[in-house]
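This report describes selected local features of one protein model. Please keep the sequence and the structure in view while reading.

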Amino acid sequence: MNWKRVSFLILWTALTGVLGAGPARAQVGQPSPGMGIPDNGSLVGDTSGLAREAQNWLVDLIKINTTNPPGNEQAAAKYIADILTKEGVTPELLDVAPGRSAVVARLRSAIVADPSKALLLVAHMDVVGVDKSKWTVDPFGGVIKDGYLYGRGSLDDKSMLVANLAAFIALKRGNVHINRDVIFLATTDEEQFGDASLRILIAKYWDKFAAGYALNEGGRVMMKNGKVQYVGVQVAEKVSVNIAVTATGKAGHASRPTKDNPVVHLAAAIEKMGNYQAPVHLTSVVRRYFEGLAGVEDDETAKWIRVIDTPDRGEHAQRVLSDMNPAWNSMMRDTIAPTMLQAGVRVNVIPSEAKGMVNVRLLPGDTIDVLVNELNKLVNDPQVKLQILPDGGLAAPNSSIESNFYSLITEVCAKEFGGAPVLPYLSTGATDSAQLRLHNVQSYGLMPYAITEEDEARAHGDDERLPLASFAKGIDLITRIAAEFSVTR
């Protein structure tokens, strides 16, 4: 026997087995019975057991107070990293500031990564502050009551965080062939967008999570009269800009009122800006959204939606719809919301200065300079100065509604929610997706849990809560989307 020839054949077989193999498996792991993605021809098995685990993760994460400022996301990052480590995944903490760390983990499809194909599952760990006196439960207690899980972050954004984590772990446990890298990322400082935000993470660590596609918060599964009315997939978002409003005058004794009292001038300016309505501008995304919405709304509402842009009835329809729903009003125009006032040192002293803050949300493509020019004309007061503050949001391009990933999201959502229409959505709030879109990522927003308008309004408000009846299906939805997009059949 020619042993040299045999050795060559053995080596050649080994090499062709590696080079000619199909997509690599996710990091090796054994599927758990009844959860994850079994390797049996079906991409997604029963995720109910995984959902029960994820609910416990969410309770624990709510109990970790990550109010921003200061954030303190590192504690949450370590908790998540421990879960991933127990699954045989090697997570990495990305430090951005003292006590503030993001966490990233990757399931590899090949030895050499292809960022243009990679799928990023992203959510943030920080939450906004609370006034505990206005809550009926401990906002950081993870309280379950009357079929709801209460707590700051139960909607924004720790519930999305655990859905992404569950989907990532399902892929790992399933031991499936993936055709693209899948990356899990839990970010910091999304609520303040300061020196620990995704902008800084991208500047320092982009190679750790660069991707072509992303799934993030920002969408909605809207429940009405006990059933899912529609699914909104965020493909664009409004741009947040803050304006400082300062009124000045002469200080004096309160017993001798003067006409140049800065408090009076500030109040008048704030009142004018707060009641101002910018012109309606229907973007292409908002047009598509309303077109789809007309088919599921009640007859009276649908009547106005269908004439929203007609020459004869459009203006009246826009007023009617704006009054019906604050979200619709904000989707149709730039908005101005006074949010903070500050003046005076003593009740018997007229101050020399009074200050206010106004939050503006611009439609994509609109500019703050044009709006401020209009507001200055409206206020028309030499004692009042408007100043655009730095570090406002950045206008980003829309994510494509023609991409394969968007098509897949709409298909999976429609199946999951009994054929409910899936609509492109402009979110009125800002998310990390804007930064991702600026780096050529097709990022889509999807809050996967079916909730009512009333519950959605509790995000950033009092008694924020998530209906537990929607939880398991939300976990299943994100898992299915990740699997359908990443697993080779």
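## Terms and basis

Helices (H or I, at least four residues) and strands (E, at least two) are DSSP runs, numbered from the N terminus. The model is predicted, so local features need pLDDT of at least 70 and side-chain atom pairs count only at pLDDT 80 or more, while totals for chains, interfaces and linings use all residues. Residues are numbered from 1 along each chain as its sequence is written, and side-chain values use heavy atoms, with hydrogens and water left out.

## Val 280

Val 280 lies in the loop between helix H6 (262-275) and helix H7 (284-293). With a relative accessible area of 26%, Val 280 is partly exposed; buried means under 20%, exposed over 50%, and partly exposed in between (1.4 Å probe, protein chains only).

Leaving aside residues up to four places away in sequence, Val 280 touches Gln 318, Met 332 and Arg 333, where contact means heavy atoms within 4.5 Å.

## Backbone features

Most residues other than glycine have a negative phi, and most peptide bonds are trans. A cis peptide bond joins Asn 68 and Pro 69, with omega about 0°, and another cis bond, with omega about 5°, joins Pro 69 and Pro 70. Pro 69 belongs to the loop between helix H2 (48-63) and helix H3 (74-86).

Asn 380, not a glycine, has a positive phi of about 50°. Its loop runs between helix H11 (368-379) and strand S15 (384-388), and Asn 380 counts as exposed at 64% relative accessibility. Asn 440 also has a positive phi, of about 65°, and counts as exposed at 68%.
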